[in-house]
Amino acid sequence: MLFRSAVPVIRLWQLTKTYGDGEAAVHALRGVSLSVYEGDYVAIMGASGSGKSTLMSIIGCLDVQTSGRYLLDGVDVELLNENELSEIRNRKIGFVFQSFNLLPGSTALQNVELPLTYAGVRSGERRRRAAAALDAVGLARRYGHRPAMMSGGERQRVAVARAIAVNPSLMLADEPTGNLDSVATDDVLAIFARLNTEGRTIVLITHENEVAQHAKRVVRVKDGVIVDDTRQSPIDGPPPLHTLTKYAPAGAHR
Ligand SMILES: Nc1ncnc2c1ncn2[C@@H]1O[C@H](COP(=O)(O)OP(=O)(O)OP(=O)(O)O)[C@@H](O)[C@H]1O
Ligand SMILES: [Mg+2]
């Protein structure tokens, strides 16, 4: 049983984000307050341009808010220097994007090894952990494949393997199934369900109700504010519609 902290993983107070200024200013976030506790699985939904990716970049320490406060595991992110921020991005947070963002000239194994290289893991251990992460997403037979030789679903599973290789406690995914067909979408959702069951906190942006149904909580954003926040299932417990049969419980990558 994992120790569950009383401190939220993510705590946002009246967060705003304005791009540009004067006449050209875009108020992407207009006061977002949100707490996410360890083990939760949150789907963020909302129309195009409502501020979802902006919110995700701030949560992921890729950008900073214009005003308001953000505490990540109780630490005020604004007070961290660039080294501390990149340490957090590398070790604590696993990112998955709609467009996979894999290096085209590198094999699946090399792509998954990359964050381990940044984390200073030596080559033998790096290979072992990258291979275990690929095994955990059902890609044991694709180590040597480059992205162009793989389907969209396989590419996204490589991206998920890369995100979990460093064993982050928080997974952030921006439209991870946006470019996938329904079979590949189910694969990725099954992996996310397992990662959440293993104790990882997940925040996922999606446009699809079918995807949001798999989350424990759905937060709706409109014009830069949260307009709805619905819990679909308890934090302590499996995510709804979870299918744990397809990929054997791993932990191999730990
Ligand atoms: N770097 C930027 N500079 C200026 N404006 C930006 C920038 N990034 C986003 N915006 C604007 O901020 C608003 C919110 O954008 P954001 O990308 O967060 O929306 P989104 O909800 O993720 O939309 P989508 O569903 O299309 O991905 C939009 O009006 C967008 O044009
Ligand atoms: Mg977006």
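So, contacts along the chain: if you take the contacts in this protein between residues at least 6 apart in sequence, 73% of them join residues at least 24 apart. Keep in mind that this is a predicted model.

Now the overall build. The protein has seven helices and ten strands. Its radius of gyration is 18 Å, close to the 18 Å that the globule rule gives for 254 residues, so it's as compact as a globular protein of that length. If you'd rather think in boxes, the C-alpha atoms fill one of roughly 50 × 40 × 40 Å, taken along the principal axes. And buried residues make up 42% of the 254.

Okay, let's look at a sheet. Strands in a sheet pair through backbone hydrogen bonds, and they can do that either parallel or antiparallel. Here we've got four strands in an open sheet, in the order β2-β1-β4-β5, and the pairing is antiparallel. Which strands stand at the edges? That's β2 and β5, residues 75-76 for the latter; each has a single partner strand, so one side of each is left without a neighbour in the sheet. For β2 you can look at the pairing in detail: β1, residues 10-19, runs antiparallel to β2 over eight bridges. As an example, take Lys17, whose bridge partner in β2 is Leu29.

β2, residues 26-36, and α1, residues 52-59, each supply at least two residues of the shell around ligand 1. Which element gives the largest share? It's α1, with three residues. If you want to find the shell on screen, the residues surrounding ligand 1 include Tyr19, Val26 and Ala28, and also Gly49, Ser50, Gly51, Lys52, Ser53 and Thr54. By class, the shell has three nonpolar, eight polar and one charged residues.

Last stop, helix α3, which covers residues 108-118. Its buried residues are Ala108, Leu109, Asn111, Val112, Glu113, Pro115 and Leu116. To make sense of that list, remember that an α-helix has 3.6 residues a turn, so residues three or four places apart point the same way. What do the buried residues of α3 pack against? They pack against three other helices: α2 at 82-91, α4 at 123-136 and α5 at 152-164.

Note on methods. Residues numbered from 1 in each chain as written. Chains lettered and ligands numbered in written order. Predicted model: local features only at pLDDT ≥ 70, side-chain atom pairs only at ≥ 80, totals over all residues. Near = placed C-beta within 6 Å. Nonpolar A, V, L, I, M, F, W, Y, C, P; charged D, E, K, R; others polar. Pairing = 2+ DSSP bridges. Rg over C-alpha atoms; globule rule 2.2 N^0.38 Å. Buried ≥ 20, exposed ≤ 12 C-beta atoms within 10 Å, placed from the backbone. Contact = placed C-beta atoms within 7 Å.
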